[in-house]
4 protein chains.
Amino acid sequence: MKIYEVQAGCTSLEGLRQAERPDPQPGPREVLIRVRATSLNYRDQMIIGGQYFGGPVDRNTIPLSDGAGEVAAVGPGVTRFKPGDRVAGTFFQGWIAGPMQQRHPALGVPLDGMLAEYRVLHEDGVVAIPSHLSFEEAATLPCAGVTAWNALMVAGKPVKPGDIVLCLGTGGVSMFGLQFAKAAGARVLVTSSSDAKIQRACQLGASDGINYKRFPDWQKEVLRLTSGHGADHIVDNGGPGSLTRSFEATAFSGKVALIGFLAGRAGDINPLTLMMKGGSMVGIGVGNRAMFEDMNGAIQVNGIKPVVDKVFPFDQAAAAFRCQAAGDFIGKLVVTV
Amino acid sequence: MKIYEVQAGCTSLEGLRQAERPDPQPGPREVLIRVRATSLNYRDQMIIGGQYFGGPVDRNTIPLSDGAGEVAAVGPGVTRFKPGDRVAGTFFQGWIAGPMQQRHPALGVPLDGMLAEYRVLHEDGVVAIPSHLSFEEAATLPCAGVTAWNALMVAGKPVKPGDIVLCLGTGGVSMFGLQFAKAAGARVLVTSSSDAKIQRACQLGASDGINYKRFPDWQKEVLRLTSGHGADHIVDNGGPGSLTRSFEATAFSGKVALIGFLAGRAGDINPLTLMMKGGSMVGIGVGNRAMFEDMNGAIQVNGIKPVVDKVFPFDQAAAAFRCQAAGDFIGKLVVTV
Amino acid sequence: MKIYEVQAGCTSLEGLRQAERPDPQPGPREVLIRVRATSLNYRDQMIIGGQYFGGPVDRNTIPLSDGAGEVAAVGPGVTRFKPGDRVAGTFFQGWIAGPMQQRHPALGVPLDGMLAEYRVLHEDGVVAIPSHLSFEEAATLPCAGVTAWNALMVAGKPVKPGDIVLCLGTGGVSMFGLQFAKAAGARVLVTSSSDAKIQRACQLGASDGINYKRFPDWQKEVLRLTSGHGADHIVDNGGPGSLTRSFEATAFSGKVALIGFLAGRAGDINPLTLMMKGGSMVGIGVGNRAMFEDMNGAIQVNGIKPVVDKVFPFDQAAAAFRCQAAGDFIGKLVVTV
Amino acid sequence: MKIYEVQAGCTSLEGLRQAERPDPQPGPREVLIRVRATSLNYRDQMIIGGQYFGGPVDRNTIPLSDGAGEVAAVGPGVTRFKPGDRVAGTFFQGWIAGPMQQRHPALGVPLDGMLAEYRVLHEDGVVAIPSHLSFEEAATLPCAGVTAWNALMVAGKPVKPGDIVLCLGTGGVSMFGLQFAKAAGARVLVTSSSDAKIQRACQLGASDGINYKRFPDWQKEVLRLTSGHGADHIVDNGGPGSLTRSFEATAFSGKVALIGFLAGRAGDINPLTLMMKGGSMVGIGVGNRAMFEDMNGAIQVNGIKPVVDKVFPFDQAAAAFRCQAAGDFIGKLVVTV
């Protein structure tokens, strides 16, 4: 089968190579998935760049945690799926339900990811995808979708109708956040450096967009647009300097969901404003299978379509990574298989 | 001012009389409300019938817990409102926030209700109403609206997008439940004895209606329509025999919100099915002011319009009660002032 | 190996027979447990009596869901345990964490139970036991212990210091409830038909015991002893007539945990008192592995010793069942292996 | 009556003066309290130093948010108290229950505090104190006690038996945290710069003390002492550099309660470790009256005695402030009236 590999020791896109591996076979309780589409996250960029936890990968690794396809075969004892089922793998393999109690192995690192014609996964690490989604759309769900769902509907207090939700930026998690928050009856504000991106976010249901180039103190705009109330929920990727502003933009008893790997860098943070308002910050480590399944139910009932900005053919996977690095997109980038 | 009174000892609609009382004046921290519209609940029917807790009223009492109007004047020290504000009274006077810890006095009994040209209430027992609602629409909120909000968004686990919600009947609480659950991204099923009412509920967003005359074992229809999953949330008014069926219709870890005064009669109930599924039953005693305000935010953001079936002029309040007793309506009945 | 079997079609203790089966071997991810002690629950009594769901067992089945022992061997791929570890099986096999979403198979029915010299279980259905407990003590945990933990610390609102907890009766779940509630800083009341049992419960930390033979309206005693407050949490086995009394004994916003198989019989229940106080009833279906592990942590930190009333040798298992049927014990009955 | 005043513009202890004011009288729904004891918090130190929010006080203000005494008289309409009742004022006046939704005025600033022979408060801002506490002990509850209760039993997830709780330092909030966590069945670790203080904390029930002078990387000691698990709950006063260490000491899905005014200074904080473990940080703004009452119930049922290190007579209030600034105490300092 055809696959891509991040070469051992890889620190740049040069180390991403197409390769061949033998077709895998499903063992007991495993399913063989014919992958049809995959999707990129910022984490994948870091892995290829050798900047992810622990540095460069130490063995040739199939990249991309996110992919969808159909079940091609099932091993002995499988009860959750049958050949032909449309499915996706879960980001963490082994985290079924309940709060995070350990760091389960994730697809992409340390486990092989989804950028391959076939993948074998334990049936417990696979979920059915919503019937109205294409494989390209479904491929965006495992990391960005589940992270947004966890951030808004599970961790801390869930969004309820009438709440005010602020999504920082227009990347994958933020656009899912926008769509889930709208489905939950909230008013949604977004920030961006681009009026064009803001316009697209407003077409997706955002009530207001704040261009942080024009309003570097965007937290003040949030307060102004909400008559001083602030945001009940904030989806924050933790870029340099954003947390302190988010804390100022938070409503009393509000919640900042910290979702991003950008938060890896320490920085000057002042949590006093959050404390004075009885607010909270919750760390979001993607999520478990139960969250994925609940999210899929929400997507199905509400007819949500993930925001896929561009689709690249398998042979142009490197172009997808370059597009992601350039940042000229909203929502998600997809590579078909 | 003109008022209606339920006469002391009243046990039927004969005891509802129009009368005159002196215009009231607001004292410290009180607001004077010029009532514009009021709304009926089944509880009011019981009060007039002398069947409410403790039997007939023991003094002439202005009926109806629910009403809306504008602030005509404010007493010393009032900070929450000013003349001209559009407001409604809260069902319980004194329950500001947090779980129920005592039985606060309610409008209609033991306190005078809203079927009067003017009413004076403590500012803490008053809330602003959504700007897009007429007084007739806003008058329906204090009891039925807040009960549905509490049942679905506060008590036990809140509704989240993708959940399945079952509303029994098409009365006021159920129609609010339908609208709030839809706003929260849920799929909603309703039951009714009337295909016409089911049709109206479906126009309001219900995905399915079950005519319980054709399907006396309606719980089986709920399971069939949800592929065996059942309902994650059920709004049950506790009519004879409904609870055991609701327990059978409940999903694993599901919740039955018991909202009704119909539940007053003991009956044969089998909680075993609920127990085996890890389900719960929560008793809903209307709700507090914070819930009312949160609900108003949800109504505002989602542009929800309460279902007002018929509006009666002040002089025909008795006709409104007769209409309610006949049951030939959905949602709410309103009496203007 | 020596085992006991409930004979297919069994409807009385006559159908419990000692037998031999080949020694089992652990497969992939399975552990072989040398069982040292087992414990009885009322459910086992029902199974032997042919009164459990679905009637008599349809194949010869090893009884008793609860047992503890040491790991004798592990199959390929096992990571959670090693030979020599002191362990117990979980009641439900396969329910790892999170709310109940399906009915997993349980030990005793439909799966073989623990009354055997050896048992093979998947490593995911096994937990380590607290180091200060004997096998006899640890054998009492899987059903009664986890049920009490779920009822008080997980389902609905958890017990917090200063809460008032009422445990009905002095059986296994109630005595665990008493011990867990005390560990959590609550005041605990118990009911019993026996002053001697009440005395033992008070030695275990109960502040008050109510003899329901002397006080058939025991709910009034609960209110009197708590200055009218009532119980914030009630552990109710659902015996005939108890639920309506429990609802009357419940505090505002209180919770009744329905734990028992006695609740199987429908009965005249009046939920109105519960509704008026904003109370709730939660159905407890034992619990998941995460609860078992959390409970073990609580037992360890607080030095809790389960209440084992009598220990029977393996050859006298039938005597243990007769003792349980007679009801002349508190806490748990154990059969060693 | 005799009082102390922080002089307008005060920036040091020099500005704390004893003075006389007329005896106050209770108005409608107000109670007159004969104050018997008061207690100091770090916040009071900041107020006198002119470092509290908004700078120095702009009018002569009676200091100290915390005090207890007996009701000397009640105004018209008071129902919650009668003369002779033993009471304390709530830190925030007007926050009855539910999450923080606004910043209510607090005693000490902007309202007059408790360092006076008499104080008049609205009955809604007063609570009964536990019967087994002296006035000196009860005076410590309103700020430090309620903060610790909120941090551990209300905000985010509450402590349950078997949890691991880490209290940073041996000040008032930490010592209450230790006592409440022990009452809730947790294992408690403390940090301090003093072995003598650690010894006293262990006498109060701490299982382990970490001297952070000997172990500047105290977070590693926390992990070592808990076999790598970390702390499920951390009470952190937000001193420079502590938050990043706390995040490293946090267990998966653990919670850091940020309680302190020391957190006012921005600093280099790395939230990545918290995010990777799905942990959270909650800001604690003291708490509401319902928390105070729940806490008092817990104190009563568990016979908890607040840790009062030193008691100063009224005339030596300045000495109490100097003692607090020197830091040579654990728990609380009290000034009698």
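Is Cys143(D) buried or exposed? In this predicted model, Cys143(D) has a relative accessible area of 7% and is therefore buried, since the cut-off for a buried residue is under 20%. The corresponding value for Cys143(C) is 8%, so Cys143(C) is buried as well.

Disulfides were searched for in the whole structure, and 0 were found over all chains. For Cys143(D), the nearest cysteine sulfur belongs to Cys167(D) and is 16 Å away; Cys143(D) is in no disulfide. In chain C, the closest cysteine sulfur to that of Cys143(C) is in Cys167(C), at 16 Å, which is too far for a bond, because a disulfide requires two cysteine sulfur atoms within 2.5 Å.

Two threonines were also examined. Thr90(D) is located in the loop that runs between β5 (86-89) and β6 (118-122) of chain D. Its relative accessibility is 5%, so Thr90(D) counts as buried. Leaving out residues up to four places away in sequence, Thr90(D) touches Leu107(D), Gly125(D), Val126(D), Val127(D), Arg289(D) and Phe292(D). Between the C-alpha atoms of Thr90(D) and Ala106(D) the separation is 8.2 Å, and these residues are 16 residues apart along the chain.

Thr336(A), by contrast, belongs to a strand, β16 (residues 332-336) of chain A. With a relative accessibility of 19%, Thr336(A) counts as buried, because the limit is under 20%. When neighbours within four places in sequence are set aside, Thr336(A) is in contact with Arg36(A), Ala37(A), Glu136(A), Val311(A), Phe312(A), Pro313(A) and Phe314(A).

Terms used. Residues are numbered from 1 along each chain as its sequence is written. Chains are lettered from A and ligands numbered from 1 in the order in which they are written. This is a predicted model: local features need pLDDT of at least 70, side-chain atom pairs count only at pLDDT 80 or more; totals for chains, interfaces and linings use all residues. Side-chain values use heavy atoms; hydrogens and water are left out. Helices (H or I, at least four residues) and strands (E, at least two) are DSSP runs, numbered from the N terminus. Buried means under 20% relative accessible area, exposed over 50%, partly exposed in between (1.4 Å probe, protein chains only). Contact means heavy atoms within 4.5 Å.
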